[in-house]
Amino acid sequence: MIKALTGVDADRLEEEKRRGITIDLGFANLELLSDSGEKLRLGFVDVPGHERFVRNMLAGVGGIDIVLLVIAADEGIKPQTREHFDICRLLAIPRGIVVLTKSDLVDADTLEVVRLEIEDFLRGSFLDPQKTPVIPVSGLSGQGIDQLTRELARMASEIGTKNAGALPRLPIDRAFVMKGFGAVVTGTLIAGTIQREQELELQPSGKRARVRGIQVHGMSTHQARAGERTAINLAGVAVEELARGMMLSQPGALQPTRQIDVRLQLLCDVRPLKNLSRVHLHCFASETVAQVRLLGDKEIEPGNSTLAQLRTAEPLLLIPGDRFIIRQFSPMITIGGGTVLDSFPLPRSTKQLVAARDFLAELERADLSGAIALRTQRRNAGGLRHQDAVRETGRTGHEIDLQAKALIENGKLLAAGDVLIAKGAALDAAMKLLSELEKFQKGNPLAGGMGKETLHTARRREEDPYPGGASAARGTGGHDDHGRGAGPQRYRASVFDGRIKGSAAQGRAEFTFN
């Protein structure tokens with residue numbers, strides 16, 4: 001069918017050609033015109049259908065906009081059809097077309113029976129027959145290919161433009177050496193823009209490489225944009241350092257993680273999933289083993305969803321909103337999936353699970369402004385550094401700055417150098433600081449003031465460290481929650497103007513908070 005559509009045989013392996021089945025990912029592209037005359041470029045990822053190769057299918061299905069659910073007319077719905085359909089639902093793929101292949105091998109009555117079976121199976125889903133066409137085709141005779149092409153053009157023209165200004169992320173689904181060029185990786189660019197000569201960071205290794213050349217849909221170009229099938233020729237890295245499941249991203253912006261708070265959904269026809277179970281975790285092209293820690297539940301029942309933490313065997317680069325699939329540890333069948341809520345949860349005890357669930361429930365509903373406020377509030381007086389806001393949200397520094405400025409102007413947050421602090425937490429910390437100063441003054445009435453190191457020691461006794469407390473008391477500017485300089489004054493709002501005054505006669509300390 002792909003060859004009939006595009007002219008490209010996506011089965012590239014000799015074994016695939018010999019056995020007549022798709023084993024690993026294949027790729028093709030097609031240019032079409034919309035009804036308005038707009039040129040459309042479609043990239044196809046041909047994924048294996050056989051149940052033994054579902055893990056390969058999962059490496060290619062992440063980030064796609066349209067699914068072609070292919071069902072053979074002479075076989076009907078098979079177990080792998082159901083599993084692939086479940087995966088598409090769990091990944092929230094928004095639209096698709098049902099393609100009934102080998103329609104020339106059956107008579108009209110059989111074709112109609114299969115069609116009715118498909119309609120009953122898909123009713124009420126994102127591929128509901130009331131809004132999604134079921135198109136019979138033949139890859140050999142070409143029957144139905146024109147109708148399929150028209151439907152693809154119509155559906156592709158309805159897809160909005162993806163955010164090319166986001167932080168770039170390219171999940172690697174292939175890595176190989178091209179003679180005369182060196183290491184080449186391919187993948188679907190899920191966010192941002194990548195340009196020739198740009199430096200990228202390979203995750204999770206952290207190694208940096210330069211973009212020597214770019215191809216999009218088989219054509220050389222100076223840049224690739226979100227949504228495009230992309231091949232990148234990398235300099236500064238050997239092919240032995242590359243593998244499927246790695247990701248290219250902007251240097252220094254995002255970091256891999258091993259602990260992920262998620263909304264977890266279990267399929268209806270599987271066994272209950274117990275707390276601390278091990279599963280196979282698939283996200284974009286990556287695969288690893290993870291332990292499921294349910295937040296307060298002993299198990300999750302089939303068809304239900306809950307909040308959970310996944311602890312992975314290998315670090316993954318994930319940001320809020322990313323979709324994932326979990327498969328049973330053994331035998332390997334798809335049992336559920338979900339959405340990433342927090343890639344960098346703070347350490348918590350069992351007693352804090354209720355508060356953690358409340359936080360995640362709020363985070364799940366929040367927009368970017370709300371998410372920044374929530375992530376700042378949970379750190380109390382420690383505050384949220386700018387680079388941590390980028391890392392935790394997966395958004396650009398410019399987006400963070402715009403939202404932070406509005407939150408500061410609205411009086412919800414305060415800023416100390418490069419650190420955002422919830423107003424309530426800052427006021428509470430100021431009162432604690434004032435209390436320490438008054439306590440010191442009463443115990444040391446002849447002292448001319450409280451020394452910087454003495455105040456630092458007093459701060460360490462507090463449960464929540466206060467960023468810049470000691471230096472703010474001397475009027476010297478902000479520090480982060482480890483006592484290091486917070487760097488440049490990113491936020492211009494005047495936040496802390498702290499001055500300490502003490503005298504033996506008056507026995508008092510004065511702290512001015514603006």
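Select Arg293 to begin, and across from it you will find Gln309 in strand S21. The model is a predicted one, in which local features need pLDDT of at least 70 and side-chain atom pairs count only at pLDDT 80 or more, while totals for chains, interfaces and linings use all residues. Residues are numbered from 1 along each chain as its sequence is written, and side-chain values use heavy atoms, with hydrogens and water left out.

**Around strand S19**

Helices (H or I, at least four residues) and strands (E, at least two) are DSSP runs, numbered from the N terminus. Strand S18 (residues 278–283) also pairs with S19 in the antiparallel sense, here over six bridges, and within this pairing His282 stands opposite Glu287. The hairpin of S18 and S19 has two residues between the strands, and Phe284 in this hairpin takes a positive phi near 55 degrees.

Now colour S19 by face: Ser286, Thr288, Ala290, Val292 and Leu294 make up the covered face, whereas Glu287, Val289, Gln291 and Arg293 make up the uncovered one. In a regular strand the side chains alternate between the two faces of the sheet.

Select Arg278 next, which lies over the face of Phe329 at 4.2 Å from the ring centre. A charge sits over a ring if NZ of Lys or CZ of Arg is within 6 Å of the ring centre and within 35 degrees of the ring normal.

Move to Pro204, in the loop between strand S10 (199–203) and strand S11 (207–216). Pro204 is partly exposed, with a relative accessible area of 36%; buried means under 20% relative accessible area, exposed over 50%, and partly exposed in between (1.4 Å probe, protein chains only). Leaving aside residues up to four places away in sequence, Pro204 touches Met246, Pro256 and Pro315, where contact means heavy atoms within 4.5 Å. Pro204 and Pro315 are 111 residues apart along the chain, yet their C-alpha atoms are separated by 6.3 Å.

**The parallel sheet**

Select S3, S4 and S5, an open sheet of three strands in the order S3-S4-S5 with parallel pairing. Its edge strands are S3 (66–72) and S5 (134–136), each pairing on one side only, and the twist averages 25 degrees from one strand to the next. S3 and strand S4 (residues 95–101) pair over seven bridges in the parallel sense, and the bridge partner of Ile66 in S4 is Arg95.

**An aromatic cluster**

Show the side chains of Phe85, Phe121 and Phe126, which form one aromatic cluster. Rings of Phe, Tyr and Trp (its six-membered ring) pair if their centres lie within 6.5 Å, and planes under 30 degrees apart count as stacked, over 60 as edge-to-face and the rest as tilted. By this rule the count comes to two aromatic pairs. Phe85 and Phe121 form a tilted pair, 5.1 Å centre to centre with 55 degrees between the planes; Phe85 lies in helix H4 (residues 79–90) and Phe121 in helix H5, so the pair ties together parts that are 36 residues apart in sequence. The rings of Phe85 and Phe126 have their centres 6.1 Å apart and their planes at 5 degrees, so this pair is stacked. Phe126 is in the loop between H5 and S5, 41 residues apart from Phe85, and both Phe85 and Phe126 are buried.

Go on to helix H9 (residues 386–393), where seven of the eight residues are buried, so H9 is largely enclosed by the rest of the structure. The buried residues of H9 pack against helix H8 (368–377), strand S24 (384–385) and helix H10 (397–409). Arg391 is one of those buried residues, and its charged end sits over the ring of Phe344, 4.0 Å from the centre. Just after H9, Gly394 takes a positive phi of about 75 degrees.

Finish at helix H11 (residues 423–443), in which the buried residues include Ala425, Leu433 and Phe440.

Note on methods:
Two strands pair if DSSP finds at least two bridges between them. Axes are lines fitted to C-alpha atoms, for helices over the stretch in contact, and angles run from 0 to 180 degrees between N-to-C directions.
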